[in-house]
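Please read the following briefing alongside the sequence and the coordinates.

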Amino acid sequence: QVQAVESGGGLVQAGGSLRLSCAAPGRTFNGYNMGWFRQAPGKEREFVAAISWSGGVSLYADSVTGRFTISRDDAKNTVYLQMSNLKPEDTAVYYCAASGEEFGKRSPASYVNWGQGTQVTVSS
């Protein structure tokens with residue numbers, strides 16, 4: 001199993017940037033498609049971005065396309081979410097998870113081993 005640990009969240013002004021990290025000390029993400037999700041109070045967990053196990057293909061929600069970039073560093077066993085031009089509507093708890101299913105899944109049900117999440121708050 002892969003148990004994700006997210007970090008890098010915080011408070012940032014609109015238009016600012018943050019980089020989230022997802023790691024699993026003592027484990028590996030090799031062979032797993034990885035995804036970032038977010039959940040705001042009172043809302044369902046929603047898909048943000050995914051990256052294939054090889055790092056060769058990425059997928060983004062329409063709301064973040066052009067602003068967020070997902071990447072992975074196998075040497076560091078870490079997945080990143082670079083968030084730029086942040087907007088107040090990006091405010092949420094951001095989660096990282098792994099999927100053993102084929103790449104392209106957007107549903108949280110296709111992912112496992114969720115981390116505890118990291119809070120991102122964007123002020124206007």
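Buried here means under 20% relative accessible area, exposed means over 50%, and partly exposed lies in between (1.4 Å probe, protein chains only). This is a predicted model, in which local features need pLDDT of at least 70 and side-chain atom pairs count only at pLDDT 80 or more, while totals for chains, interfaces and linings use all residues. Residues are numbered from 1 along each chain as its sequence is written, and side-chain values use heavy atoms, with hydrogens and water left out.

**Salt bridges**
- Four salt bridges are counted, each defined as a side-chain nitrogen of Lys or Arg within 4 Å of a carboxyl oxygen of Asp or Glu.
- Arg 72 pairs with Asp 74 at 3.8 Å between the closest N and O atoms; Asp 74 is partly exposed at 46% relative accessible area, whereas Arg 72 is buried at 15%.
- Asp 90 bridges to Arg 67, with the closest N and O atoms 2.7 Å apart, and both residues are buried.
- Asp 90 also forms a salt bridge with Arg 38 (2.8 Å, N to O).
- Arg 38, Glu 46, Arg 67 and Asp 90 are linked in a salt-bridge network.

**Positive phi**
- Asn 85, which is not a glycine, has a positive phi of about 50° and is partly exposed at 42% relative accessibility.
- Asn 113, likewise not a glycine, has a positive phi near 55° and is buried at 16%.
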